[in-house]
Structures are given as C-alpha cells and as structure tokens.
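User: Could you walk me through this structure with me asking as we go?
Analyst: Gladly; here it is.
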Amino acid sequence: MLTNRSEVVVKKEMSLLERIYIPAILAGMRITLSHFFKRKATVNYPEVKRPFSPVYRGQHVLKRDEAGAERCTACGLCAVACPAEAITMVASERKKGEENLYREEKYASIYEINMLRCIFCGLCEDACPKEAIFLTDRIVPSTFKRGEFIYGKDKLVEKVDKRVDISKRQTQTVLEFKQNKKFAHNRLYTDKQLKEKH
Amino acid sequence: MLAFLIYKLILVVAVFAVSLVVAMYSTYAERKIAAFLQDRLGPNRAGPFGILQPLADGVKMFMKEEIIPGTSNKWLFILGPSLAMFTACMTGVVIPWGGTLTIGDQQYPMQITDINIGILYLLGVVSIGVYGIMIGGWASNNKYSLLGAIRASSQMISYELAMGLAIIALVMHTGTLSLRDIAAMQTGWHWNIVYQPLGFLIFIVCAFAETNRAPFDLPECETELVGGYHTEYSSMKLGFYLFAEYINMFISSAVISTLYFGGYNMPFVGRFVHDPNVLAVLGSVFLFAKLFFFIFFFMWVRWTLPRFRYDQLMNLGWKILIPLALFNIALTGVLMYLGGRLH
C-alpha cells in the first residue's frame, strides 16, 4: 500500500441516517466553518514578499573586482557550458590606459545573454574560472518585445557604485569546489576512484 | 392623505435602496466568505479590506461592451434580465421590516403594504421570476442557454410545489396569510421553527432551489453549461441577472426570518426597553441580524456542498420533499386536532 490514508471502497447499502444526508451535510459545514477561522495561506504580494533562497538562480551579473575592473576575460567557457546556447560574446584586447577598466589583457567588448533562451541552470557560473559571472536573486522583468530580452553589458555588468552582493552563494565550500574543478582535467583518476583503487 | 403618500414613498425608496445595497454587498460578502472558507483572503485591493469592490464591479459591468447576438430575439433578450430584476425587487413589498413607529398620534408600520394574502403574493411573484430566466435563456438562441432555461423552469416548478405545501402547514398553524400577522404572532420564543421544524427544513431546501443557489445551481452550472441561461449576456444585462439572484437571496432570507424565526420579534428585550419606538427600531435591527445570518448560511452552504445531478434534483423534489411536505400537513392537522390549537 502506498499510503496509510487510503480506504478500501465497499459498496454497501446506506443506512437511513446516511440517506437523510443531513448529518453528513452538517459535518461538512462544520469543516468549512473551521477553515473560516484558520490562518490564511495567501501572501499579500507587493507588500509582503516571500524570502528567496540564498542560492536562487535569477538574472545574471558580471562582477567587477575590488578596484572596479571587469573580471571577465572573454574565455568563452560560459558560452560553451551553456546548454541553451544563450550566451554570445566578442573578445577584444585591452589597450594601454584601460587597466582600470579590465582586469586581464583580454576582455569581452560585447557580452550578451538571451534571457528567453536562458534556462537559469547556473552552469555558466560553475564554468567561470575568473569568478566573473553569477546568478542573482533578481527576477528578469517581462517586456513586450523579444529584442528587449537580450541583455547586453549595460544591463549585465554591475555598476561600480552599486555592487551586487553574491556573498551568499559564493561560500568557502563553493570556492573550494571550483578550485578542485579547475585542475580536474589533469587528473587521471578522481579522488573517489583513487580511494577505491587503494 | 399626502403625509400617508410621502410616508409610503419614503418606505418604498428605503426598501428598494436597502435591498440594492444589501445585494451589492452580498457579492462582496460572497467572495470574502468563499475565500475565507478556502483559506484565502478574497478581494482586498479596492479600499480598506476591499469594501469598494462592489463599486468597482458595478463600474466594470457598466463599462463592458453590450453584445446582443444577431440570431437572438432582441426584445425578449432585453426583457429577460429586466423581468428577473423587476420581480426580484417586487417581493420586498409585503415583508414586515419592523414593528410600528408612533410619531405624534400617527401610526407608521414599517411595511410597505400589508396584503391579507401576503404569502400568496410572494409565491406568485417568485413564480413570475422564473419567466425572466426562461425568456432570457430561450431568446439567446444558444443551446447552453436553452438547457439552462429548461432546467431553471423545471426546477422551479418542482420545488414551488413542495414550498407551497410546506407553507400550507405553516398557515394551518398560524391561521392567517398575512405576513404581518404571522410575524406578530411569534412573540418571545414562540417562533414558528419550534412548531414547524420539518416544514422549515422543506422550506429552506426549496428556498435554495428557488434562488438557484448551490447545491441547486443547475440553471447556471458554470462547469457544464458555460453559465447556463446567461451565457450570451454581457455588460449590465448580465449584471442584472447576477444582481437579481442576490436580491432574491436577500428576500428569501427575510422571508425565512419572518415565517420561521420570529421576524422582528426579540425575546427578553421587551423587559428592559419600554419605549415602543426604540423597540420597533431594535426589532428591525434584530430582523436584519437574522437575515444576514441566513445570507451567510446561503453562502456557507454554497461553498460546502457540491452541485446536484439533474435526476437527483428531480428525485429529491418529487419523491422526497413533496411526500414529506404532505406528511407534515397531515402531522400538523393531527397535532392541531389533538391539542386544540398548537399554542
């Protein structure tokens, strides 16, 4: 039996009391009345917002480093990792005098995410070796035109004076996991396989 | 004579306004009660706690495009909701809304007119009410509307019989057809429900059927008939149909309170308050308290019980309620014979 709440159906003649139905109706009305005074499940949305999970996967952000330079180096790993092929980018070389804008010598001059294609899986975040792209708890707003869903660098890169907090998802364990992953392709066996071997 | 006319006019306007306002706020109450019974909050955006919601709904109804189907019978199509609304408003005339006010040496009973056959008038007008639904449903020239109209007429005819028989037992007990006399008889705790419990049960079941309320809302039946007789209606014509239903509910609640629950009579209060005018006003308040309880009861039942199947509806009406009502008449007769009069 899958559940302990199921009852075996028996087709038996109803007694007179059952056929009058009034006791059953009164019992039902007692149940509905008890719900009248119960706490309501509704959340008054614009006034009250339900808390998001700290690792909610919403609209992406391209992070800057502490000095304010863009972290992204246009390696394209996020675009490769993306199962929905939502990310496109064009790489450019950093010119002299742009050191305060871009951290590495190569940067993305165009970086676009198509929010209609994106499935918010977070694989771009996993793939990024530079801690540049993160998903945040912001919801992608709806618009009337398809073109407006293609987010360029103007919407994705965080503002210098208005940083996006991602500390809740970039915990120590996450960092260690990513550090391990970085050299995983050099290893012949994974740690687990090694342990099993010995 | 002029004073009499003005007093009657004021009373007519007051009763009309009160029934409209109560019907308006019944729509709000229905949505709120439905929500609360289902662990929701209900409308709470228009004004504090959403109390302006009926106004918003009314404005919406008036602003909607008015569509009269090309294949419909235009005059009957308009006549349907008008008749439904008209008959719904007509029933409030004979109900005693309170005792008698004495101003100067003039007596002002709070009842528009005390016809000595008030109950017959009530039954008659309620029977005309079915024509509004029937004509509207037929004139729409739509199969869902027609099915709804057929269901409405057969349902109302079947349940009117049992309702009439239940009232006959009541009339045997009270010995009068005037609603005012019936209300006046039930002083203190001598409510008719005590003497006619079975009759009351039959009457309230029939009242549900007559007002097309769940579990007898087969004529509307959103799930099977796409709204039944008002499928083709839009704008305020639809609003009138829905509004008429709520006015009917208000009037049925008033009739139930008057016939079986003492009307404007209050137990005990007469011992503490002696001014007859204050007593009369208090009586009206008390009547409305009972009435609101019954409106709540109507809604409570609607959001508890599922709808009847058509054959179940007919079985209940013809095979159970009518024999039961006949038995009730016989029982009342026997008891009256044994105990002189029941009082």
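**Salt bridge, interface and aromatic pairs**

Analyst: The side chains of R45(B) and E47(A) meet in a salt bridge at 3.1 Å, N to O (a side-chain nitrogen of Lys or Arg within 4 Å of a carboxyl oxygen of Asp or Glu). This is a predicted model, in which local features need pLDDT of at least 70 and side-chain atom pairs count only at pLDDT 80 or more, while totals for chains, interfaces and linings use all residues. Residues are numbered from 1 along each chain as its sequence is written, chains are lettered from A and ligands numbered from 1 in the order in which they are written, and side-chain values use heavy atoms, with hydrogens and water left out.

User: How many salt bridges cross between chain B and chain A?
Analyst: The rule finds 1 across that interface.

User: And what area is buried between the two chains?
Analyst: About 1400 Å², with carbon and sulfur atoms giving 68% of it; buried area is the accessible area (1.4 Å probe) that two parts lose on being put together, summed over both. On the chain B side, D39(B), L41(B) and W300(B) lose the most area to chain A, together 36% of what that side buries.

User: Switching topic, how many aromatic pairs are there over all chains?
Analyst: The search finds 27, counting rings of Phe, Tyr and Trp (its six-membered ring) with centres within 6.5 Å, where planes under 30 degrees apart are stacked, over 60 edge-to-face and the rest tilted. One of them, W97(B) with F250(B), is stacked, at 5.6 Å centre to centre and 10° between the planes.

User: Is F250(B) buried or exposed?
Analyst: F250(B) is buried, with a relative accessible area of 1% (buried is under 20%, exposed over 50%, partly exposed in between, with a 1.4 Å probe and protein chains only), and W97(B) is buried at 8%.
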